[in-house]
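Please keep the sequence and the 3D view open as you read.

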Amino acid sequence: MADNIARVFAAAIAADPARPLLTWYDDATGERTELSGATLANWVAKTANLLVDELGLSPGDPAGVLLPPHWQTAAVLLGCWSAGLTVRDEPGDVDVLFAAADRVTEVDAWPAGDRYALALAPFAAPLREVPAGFADYVVEVRTQGDHFTPSAQGGPTDAALLAQADARATALGISPGDRLLIDAATHPDPRDWLLAPLVRQATIVLTGNADRSRFPARTTTERTTHTLP
């Protein structure tokens, strides 16, 4: 079993960086955003550069991520893991915090040196109003470099996370090369909707505010092979 999330991500896109890796739907707004492996990798590299070059963070430093399943969440998480950070599961002191705009009121439980808010809007639009004490993630990350070289050792939690993701991939019936249709509300844990597909080199069709009545047609249009239970 691989013990480095950055290498697992690289392996998942190596064969065909141009193929759709993560397709995001929001059935409440009608949004559809498709990211190739190369495009997502660019967002991941920019996020890691923000953390390392801009903030000076080091492997093992703690990060908080108060974000729902979303394509931008994938960029944030993979950027944190590429930088070797430890993404905390429970509130506490962190060096950096990423929060959805509707969760910024939770910041008192997550004391952080640097805070970034995300609108999670279509087309990666910036926030209309940036909350006090926060910077806008999509504005800040776009100025960062397009390439990042992850640590060869990975982060201190990588091995455990990947082992858990591999077990979840087996439990969820994910096969190598699958194209997965995923209801974000049913599978909010990134070990399910993000890491488990990556360890199987599967691609992802992730749906927020899912209207299940649309799933049969989406299976055809997106050519999905498996819907997570």
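## Around Phe98

Leaving aside residues up to four places away in sequence, Phe98 touches Leu51, Gly64, Val65, Leu66, Leu67, Val76, Cys80, Tyr116, Leu118 and Tyr137, where contact means heavy atoms within 4.5 Å. This is a predicted model, in which local features need pLDDT of at least 70 and side-chain atom pairs count only at pLDDT 80 or more, while totals for chains, interfaces and linings use all residues. Residues are numbered from 1 along each chain as its sequence is written, and side-chain values use heavy atoms, with hydrogens and water left out.

Phe98 and Tyr137 touch the most other members of the largest nonpolar core, which has 59 residues. The biggest share of this core comes from α3, with eight residues. Another core lies apart from it, with 11 residues that include Leu66, Val104, Val107 and Leu127. A nonpolar core here is a set of buried Ala, Val, Leu, Ile, Met, Phe, Trp, Tyr and Cys residues joined through side-chain atoms within 4.5 Å; buried means under 20% relative accessible area, exposed over 50%, and partly exposed in between (1.4 Å probe, protein chains only).

Helices (H or I, at least four residues) and strands (E, at least two) are DSSP runs numbered from the N terminus. Strand β5 (residues 94–100) has six of its seven residues buried, so it is largely enclosed by the rest of the structure. Two strands count as paired if DSSP finds at least two bridges between them.

| Strands | Sense | Bridges | Opposite residues |
| β1 and β9 | parallel | five bridges | Leu22 and Ile204 |

The last pair in the table, β1 and β9, belongs to an open sheet of five strands in the order β2-β1-β9-β8-β10, with mixed pairing. At the edges stand β2 (31–36) and β10 (226–227), each with a single partner strand, so one side of each is left without a neighbour in the sheet. Helix α2 packs on this sheet and touches β1 and β2, its direction making about 90 degrees with that of β2. For such angles, axes are lines fitted to C-alpha atoms, for helices over the stretch in contact, and the values run from 0 to 180 degrees between N-to-C directions.

Within α2 (residues 37–54) lies Lys46. Is Lys46 buried or exposed? Lys46 is buried, with a relative accessible area of 11%. Not counting residues up to four places away in sequence, Lys46 touches Val141, Arg142, Gln144, Gly145 and Asp146.

## Helix α6

Helix α6 (residues 190–199) is mostly covered, with seven of its 10 residues buried: Asp192, Trp193, Leu194, Leu195, Ala196, Pro197 and Leu198. The elements that cover these residues include α1 (5–14), β1 (20–26), α3 (71–82), α5 (158–171), β8 (179–183) and β9 (203–208). At the helix start, a side-chain oxygen of Asp189 reaches to within 2.8 Å of the backbone nitrogen of Arg191. Gln201, which follows α6, has a positive phi near 55 degrees.

Methods: Polar contact = N/O pair within 3.5 Å; in protein donor to acceptor, adjacent residues only side chain to side chain.
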